[in-house]
Amino acid sequence: MASNTKLNCLIVLSREGVSAQSFIQCFTMTHTAFNVQLATPGGKQPEFSSTDDQSRRWLSDFNTKPFSVPLCLEVIDAQRYSCLIVPHCPGAVHDLANNTTLGQILSQFIRDRKLVCAVGLGVAALLSCVDIPKESQGQTIDYPSEKLKNSSWLFKSYSMTGSTVCELACGPNFGTLPVIVEDEVRDRGGSFSASGESGAVHVVVDRHLVTGQNEASTITAVQNLVLLANQRQGKSVGK
């Protein structure tokens, strides 16, 4: 017998810039399947980029809903959520890649083997998941820093994809990016793959981690997360 109980899903957004299209696709697909909660560093409203008339209308309507108000990432209890999603967020390289609070949440997800999905530059958020000294937990460490370089990245045994050097080099802000996701994943010992065609849909699933290469991969990545969640819930009910 199937369970009608919805799982809780946390969508983590950068306050420095979120792809409107990727977020809309993430939220639309997860809102029907999960109880969705948004969270940002400091609980600040995110800035949405690459908007058009349709996405601006959608966001305008969305912002009238109570669930559009994000929680402060620093008060999130990881135990309440069964899955976590980071859509394509150009701002993630600035405020999520070095966020130790997010790193602690992701560490809990790894220990509990809970589902994690990250897309495009949202994959930079996974870089926060390092084994850092207790005195530094709950702080945002300057990136890159010796504390992060000398820490053990907890996703280094995973295969993943994300925004590639070639894709980022086509953007206007490539020279100012503090983190290049592809390079950083490889440097930290992770296994990184990508489609040979820039902008193509490419998704990697490794255990409880789902990653999408770019904004175009959002739907396929989230679909995989929903399928895995349904599969897990079905097994749980069948026990």
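A disulfide is a pair of cysteine sulfur atoms within 2.5 Å. Keep that cut-off in mind.

First, the ground rules. This is a predicted model: local features need pLDDT of at least 70, side-chain atom pairs count only at pLDDT 80 or more, and totals for chains, interfaces and linings use all residues. Residues are numbered from 1 along each chain as its sequence is written, and side-chain values use heavy atoms, leaving out hydrogens and water.

Take C166. Its sulfur lies 7.3 Å from the closest cysteine sulfur, in C170, and that is too far for a bond. C166 is also exposed, at 58% relative accessibility. Here exposed means over 50% relative accessible area, buried under 20%, and partly exposed in between, with a 1.4 Å probe and protein chains only. C72 is partly exposed, at 24%.

Now the rings. Phe, Tyr and Trp (its six-membered ring) pair if their centres lie within 6.5 Å; planes under 30 degrees apart are stacked, over 60 edge-to-face, the rest tilted. The whole structure has 11 aromatic pairs. Why is the pair of W153 and F155 tilted? Because the planes stand at 55°, with the centres 6.2 Å apart. F155 also pairs with Y158, edge-to-face, at 5.3 Å and 65°. W153 is buried at 3%, F155 at 0% and Y158 at 4%.

The charged end of R207 sits over the Y158 ring, 3.9 Å from its centre. That label needs NZ of Lys or CZ of Arg within 6 Å of the ring centre and within 35 degrees of the ring normal.

Last, a cluster: ring pairs link F23, F27, F48, W58, F62 and F67.
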